[in-house]
Amino acid sequence: MSQVNRLNGGLIDQSRSISFRFDDRWMKGHPGDTLASALLANGVRLMGRSFKYHRPRGPLTAGSEEPNAIVELRDGARQEPNTRATTAELFDGLTARSQNRWPSLAFDALSINDRLSSFFAAGFYYKTFMWPAAFWEKLYEPMIRRAAGLGSLSLKADPDNYDKGYLHCDVLIIGAGPAGLAAALTAGEAGLSVILADEDSLAGGRLNAESFAMGQQAGHAWAAETAARLAAMPNVRLMTRTTVLGAFDHGIYGALERVSDHLAVPAEGKPRQILWRIYSRRAILAGGATERPIVFENNDRPGIMLASAMRAYANRWAATPAQEIAVFTNNDDGHRTAADLTAKGVLVAAVIDTRPDAPKGQGYEVIAGGTITNTSGRLGLAQVEVTDAKGNRRQIKCGALGVSGGWNPNVSLTCHQRGRPAWDVDIHAFVPGGTLPEGMVVAGAANGVFSTHAALHAGAEAAVGIAADLGHTAPSPDLPEAEDAPVAITPFWHVSGAKRAWVDQQNDVTAKDIKLAHQENFTSVEHLKRYTTLGMATDQGKTSNMAGLAIMAEVAGKSIPEVGTTMFRPPYTPTAIGAFAGRSRGTDFRPIRKTPSHFWAEEQGAEFVEVGMWLRAQWFPRAGETHWRESVDREVLQTRRSVGVCDVTTLGKIDVQGSDAAEFLNAIYCNGFAKLAVGRTRYGLMLREDGIAMDDGTAGRLAEDHFVVTTTTANAVGVYRHMEFVRQCLYPDMDVQLISTTEAWAQFAVAGPRSRELLRKIVDPEFDMTNEGFPFMACGEITVCGGLRARLFRISFSGELAYEIAVPTRYGDAMIRRLMEAGREFDVVPYGTEALGVMRIEKGHAAGNELNGTTTALNLGMDRMVSTKKDSIGAVLSRREGLNEPDALRLVGLRPVSPDKPVPAGAHLMTKGSAVDAAHDQGYVTSACYSPNLGHQIGLAFLKSGHERMGEILRLVSPLTGIDHEVEVVSAHFVDPEGDRLRA
Amino acid sequence: MHDLVAITPLGAVRPKVDSHGPVTLTEVTDRALASVAARLGHEAETATALERLLGAPAPGPARHGGKSLMAFWMGPEQWMVEASFETHEDLARQIGSDLGAAASVTEQTDAWCRFDLTGDGLADVFERLTTANVRAFEGGEAQRASVDHMGCFVLCHDARHISVLGPRSSAGSLHHALLTAMRSAH
Amino acid sequence: MLINHPLLGPRDASEFIYKGDAALIHRPDPTAPDAQEVFIDYGYLRDNPAGAHRELWFHEQGDRSWLVVTRDTVTHEITEVELARDVARREGRSK
């Protein structure tokens with residue numbers, strides 16, 4: 001089919017044709033087209049159905065403020081719902097589908113809603129779906145979900161990438177229309193670093209949509225030339241296809257750059273979009289203005305659009321919605337549309353101007369003091385009914401109507417902090433007011449300055465002011481002569497008496513709905529918005545809010561500034577969730593930390609588990625093992641029988657040095673460290689200041705003034721931060737220095753009765769490894785394998801004779817291989833975090849499940865560790881009465897009475913015969929596992945007065961999982977309670 | 001001499017080198033590192049000792065420098081000293097004896113991985129990774145910054161040579177992030 | 001937000017970890033007879049001003065300094081930033 005409504009000229013490349021598909025129809029357009037302009041050129045006005053009533057709709061605008069022409073773009077995994085046809089740049093092979101219709105756009109079954117509209121007035125959902133309550137989940141919600149919904153998702157992973165980035169500039173200029181271009185030129189020539197961002201693919205703003213000249217040039221030609229000049233300046237970054245989405249604290253802005261949306265597929269390695277965070281010292285908002293419609297009966301038929309949009313389609317895209325058009329206006333701007341379309345050879349049937357003193361038409365009829373009182377045409381406008389000043393009605397045939405109700409400055413970004421728009425009586429619109437975002441000035445139409453001449457000068461002056469502020473001198477800018485018409489407008493918001501007059505076309509809010517809301521006492525503008533959903537659709541009411549406020553003011557008998565305006569919030573235009581995620585998805589969700597033995601463990605076929613960001617070997621399956629428990633049981637039994645090795649590098653290691661290092665440890669640990677001998681290690685418990693256990697670990701004293709503190713893997717970062725707080729804020733004059741050394745050392749636990757024999761082969765012979773020479777809790781700096789510096793700690797988490805050996809990380813891979821090789825004669829086994837967990841539960845050692853942010857030293861059975869001879873963080877409040885009740889929880893062990901029964905973590909303990917409810921709760925299981933040494937499951941639990949209840953039989957319940965059986969309270973030390981093994 | 005074979009942070013025997021467009025990304029493994037923190041009341045002594053070691057004054061906040069050895073600023077009264085691994089594998093012990101009781105010295109060599117980016121358009125790569133204003137760097141900057149969520153030091157030698165020191169355990173993620181940003185930017 | 005670090009200049013707030021009221025510097029005397037009560041106040045009771053607020057921020061992705069930042073909780077205007085160690089010394093935390 002041919003491009004029946006294509007005009008001559010425009011800023012598109014009519015020498016080349018590209019193909020695109022809308023629903024099932026293939027059409028041709030030209031490079032430079034948007035989907036909307038290409039559809040209009042092809043004679044298509046109907047582009048979608050409305051949200052609530054499924055009314056047929058066409059484009060209202062030619063930009064990002066579009067409420068109606070919302071389509072699903074692309075196919076397959078790249079399918080994207082709710083995309084504005086007015087901003088989608090056409091590329092060869094583009095596909096799009098209309099939304100909210102079934103079975104087809106021309107015949108939509110749900111348009112029956114339109115006939116039932118008297119039932120669907122404002123608040124319909126709240127009123128109708130209230131009763132009976134049970135119907136909500138089963139009937140109402142599924143029904144509403146089917147009927148509503150905007151577009152559909154592909155339900156496939158997005159194949160494209162999104163980047164995030166950070167930019168810095170002296171001045172960010174938002175909008176590359178006349179004001180923005182003049183500002184950028186001035187600031188650029190003054191030597192400031194400038195970012196000029198515009199959402200459009202072309203710089204120029206309205207200059208590309210208008211026909212007037214700039215000096216001797218066409219406006220668009222001046223814009224293109226100026227953009228080229230700016231692009232050549234090294235201190236200016238011209239960013240087209242970049243929407244500034246939000247203004248944040250201290251000059252920070254968010255902006256979305258659409259790098260590849262205008263292409264079928266992004267180039268190799270390139271993102272689809274980039275979300276930039278822009279740090280600016282100053283900003284100039286030159287975001288222009290948006291034309292607003294007039295509200296009248298049946299004002300939503302395809303073909304009815306803003307007069308400025310009609311002009312933009314004709315001048316920039318060489319497209320017209322129809323060959324015969326009319327204009328409805330309350331100001332001089334509407335006449336520009338009539339003049340420009342006449343010049344393009346389109347027949348202008350009439351200009352209906354609400355002003356009795358309307359200017360004369362230049363080759364078209366003007367109906368002064370007239371209004372449009374109805375329209376007709378089933379799937380597109382066919383004619384309008386005009387009522388003239390005397391009240392006479394007549395029909396005028398036209399396929400399109402341009403509507404101009406005046407212009408609203410785009411104040412959105414001025415409101416993202418504390419700005420509150422102010423009413424300007426000269427232009428009858430809100431202009432920026434209140435406290436603007438720090439460093440922001442507003443120039444041009446966004447500030448209510450509508451002539452091109454004034455906008456150019458306002459932009460340049462804003463830049464001169466900023467340059468001076470930042471210590472630069474701006475040369476006086478060389479600006480062309482430009483149009484300087486005064487604003488001539490008589491406010492006219494809606495044609496009274498209309499019944500089905502659309503205020504918010506995307507959410508189908510009518511003038512009647514607003515009156516109804518007022519009648520029902522929703523008189524605050526914020527309530528009005530939420531009750532009627534005015535301005536709450538994807539377009540955020542850019543074209544509808546003002547008319548809604550005006551009607552509200554009228555029914556309330558107030559002025560518009562008295563009614564006030566709702567707030568604008570980021571993002572300025574709808575933004576893909578992917579852009580906020582950036583690269584942080586899938587395996588790149590967050591950085592991965594690998595242990596020094598990772599590559600070796602991979603070779604062994606280890607299963608890995610994420611612990612914080614670390615990947616740790618969870619177990620090492622062997623040939624023939626079909627269940628993870630087989631591997632874990634083997635690793636546990638073999639370690640306890642001979643020797644096992646586990647990478648424990650992930651534990652936090654903090655180097656503490658200084659003449660006050662021991663005193664510092666005394667402050668952070670509840671137990672004493674001052675008297676710890678050099679060459680010895682001690683277990684330490686850290687409390688929070690509120691008396692709750694924070695973390696535990698060991699600290700080894702390498703010298704009088706040098707300790708190595710270990711933390712749990714999960715708390716390494718938090719403990720370091722806490723230690724810095726104590727050092728800098730509480731004890732600023734302690735001589736102590738901290739640094740993390742977690743990553744510097746590869747550390748391996750070597751555990752089991754034969755661990756000493758194995759390490760004897762690794763540790764250089766001059767170091768005494770005997771039980772007397774290097775006893776339990778000894779530590780020291782040694783050398784291994786013929787002279788490599790290393791550290792050795794005799795500490796045990798498993799309860800066995802055990803050591804931890806540390807070597808510089810680069811040798812960690814070699815060390816694990818050496819340990820395995822040297823240990824072959826002792827039947828050495830690598831073990832993972834599961835076996836580590838089983839052995840610590842068997843030994844009754846507390847870990848993260850027990851230090852869970854609610855437990856005290858008393859709960860953990862370590863109350864005697866809290867020294868009363870010295871002060872430490874948390875000591876005072878740990879002695880609070882409420883934390884020391886006689887029936888406080890105590891750590892105990894649990895054994896199922898019937899050995900085949902499980903002891904799941906999270907299950908609760910009840911006294912036999914009591915009710916199973918929170919009031920009778922006796923405690924809960926924190927850690928549980930199958931003990932291969934005992935042959936049944938075991939658990940660690942917190943139990944009220946647990947230390948006095950050994951041997952008691954309790955009921956273990958977990959109603960959610962159906963657990964209800966008996967367990968016996970036993971010591972938490974299931975293995976070697978006397979600790980003989982670790983001292984062997 | 002011990003007989004253990006070191007591996008690189010990326011898990012190989014030799015450092016990895018990648019090129020894309022105008023940028024070359026090189027894994028650097030031949031540097032030894034030790035942190036130096038002045039003891040309370042020994043700040044001047046530490047500064048003098050550092051100047052002797054570096055052949056230049058200890059660098060100020062967010063700077064790096066040095067002649068015989070290099071160092072960069074980490075925090076108040078705290079620096080990271082850098083030397084050749086071949087000659088200074090046990091750097092902490094070596095400078096520890098120079099500094100005596102004036103400062104606390106801690107071995108840091110293997111806590112970090114290092115990648116050097118060389119070539120043109122480095123700022124285009126870094127603006128996708130970090131809030132640090134790398135475009136304004138001229139040489140001598142040493143900024144601790146989050147690089148794609150990893151805590152790193154970004155050291156600028158000149159506009160065509162920038163080093164990133166990151167946590168050794170995340171070398172794979174950091175390398176991936178740098179290479180991805182290179183491909184996105186160029 | 002940007003925090004103007006006294007040594008490093010303006011840095012993005014995302015580099016910092018927020019802790020809370022700078023009154024946390026004033027850890028009470030644990031030997032006082034009413035230590036329990038005073039510690040409860042110290043630990044749990046905070047002013048919640050709409051206006052200037054002195055608060056502790058940790059430069060985690062930076063030089064690991066704790067800072068005392070005076071920030072208006074209504075406008076986010078930051079009027080003063082100091083090293084917490086200097087503040088602590090000035091306000092009597094020296095030994």
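This is a predicted model: local features need pLDDT of at least 70, side-chain atom pairs count only at pLDDT 80 or more; totals for chains, interfaces and linings use all residues.

A residue counts as buried if 20 or more other C-beta atoms lie within 10 Å of its own. By that criterion, Ala661(A), Ala662(A), Phe664(A), Leu665(A), Asn666(A), Ala667(A) and Ile668(A) are buried in H17(A).

**A covered helix in chain A**

- Helix H17 of chain A comprises residues 661-668 and is mostly covered, with 7 of its 8 residues buried.
- Several elements of chain A meet the buried residues of H17(A): strand E37 (652-657), strand E38 (681-687), strand E39 (693-703), strand E40 (706-711) and helix H18 (716-730).

**The barrel of chain A**

- In chain A, 6 strands close into a barrel, and their pairing is antiparallel.
- The order of the strands around this barrel is E47-E50-E49-E48-E51-E52.
- From one strand to the next, the twist averages 45°.
- Within the barrel order, strand E51 (residues 953-958) and strand E52 (residues 963-970) of chain A are joined by 6 bridges in the antiparallel sense.
- Arg955(A) has Glu966(A), in E52(A), as its bridge partner.
- Helix H21 (residues 833-843) of chain A lies across two strands of the chain, E49 (921-931) and E50 (936-944). The helix runs at about 130° to E49(A).

**The two domains of chain B**

- The domain assignment of chain B gives domain 1 as 17-29 + 111-185 and domain 2 as 31-109.
- The C-alpha centres of domain 1 and domain 2 of chain B are 23 Å apart.
- Each domain of chain B contributes to the contact between them: 10 residues come from domain 1 and 10 residues from domain 2.
- On the domain 1 side of this contact in chain B, strand E8 (112-119), strand E9 (142-147) and strand E10 (150-158) are the elements that give two or more residues.
- The residues on that side of domain 1 of chain B comprise 6 nonpolar, 2 polar and 2 charged.

**The contact between chains B and C**

- Contact between the two chains involves 10 residues of chain B and 9 residues of chain C.
- On the chain B side, strand E5 (70-75) and E9 each supply at least two residues.
- E9(B) gives the most to this side of chain B, with 3 residues.
- By class, the side of chain B that touches chain C has 5 nonpolar, 4 polar and 1 charged residues.

**The make-up of chain C**

- Chain C contains 2 helices and 6 strands, and from the N terminus on its elements run β-β-β-α-β-β-β-α.
- Along its principal axes, the C-alpha trace of chain C spans about 45 × 30 × 20 Å.
- Of the 95 residues in chain C, 31% are buried.
- Among contacts in chain C with a separation of 6 or more, 50% are between residues 24 or more positions apart.

**Strand E5 of chain C and its partners**

- Strand E5 of chain C (residues 66-72) is mostly covered, since 5 of its 7 residues are buried.
- Strand E4 (residues 52-58) of chain C pairs with E5(C) in the antiparallel sense over 7 bridges, and Phe58(C) stands opposite Trp66(C) in E5(C).
- E5(C) is also joined by 5 bridges to strand E6 (residues 78-83) of chain C, and these two strands run antiparallel.
- In this second pairing, Val68(C) stands opposite Glu82(C) in E6(C).
- E5(C) and E6(C) form a hairpin with 5 residues between them. In the turn, His76(C) has a positive phi of about 70°.

Methods:
Residues are numbered from 1 along each chain as its sequence is written. Chains are lettered from A and ligands numbered from 1 in the order in which they are written. Two strands pair if DSSP finds at least two bridges between them. Helices (H or I, at least four residues) and strands (E, at least two) are DSSP runs, numbered from the N terminus. Axes are lines fitted to C-alpha atoms, for helices over the stretch in contact, and angles run from 0 to 180 degrees between N-to-C directions. Two residues are in contact if their C-beta atoms, placed from the backbone, lie within 7 Å. Domain bounds come from an automatic or database domain assignment. Ala, Val, Leu, Ile, Met, Phe, Trp, Tyr, Cys and Pro count as nonpolar, Asp, Glu, Lys and Arg as charged, and the others, Gly among them, as polar. A residue is buried if 20 or more other C-beta atoms lie within 10 Å of its own, exposed if 12 or fewer, and partly exposed in between; C-beta atoms are placed from the backbone.
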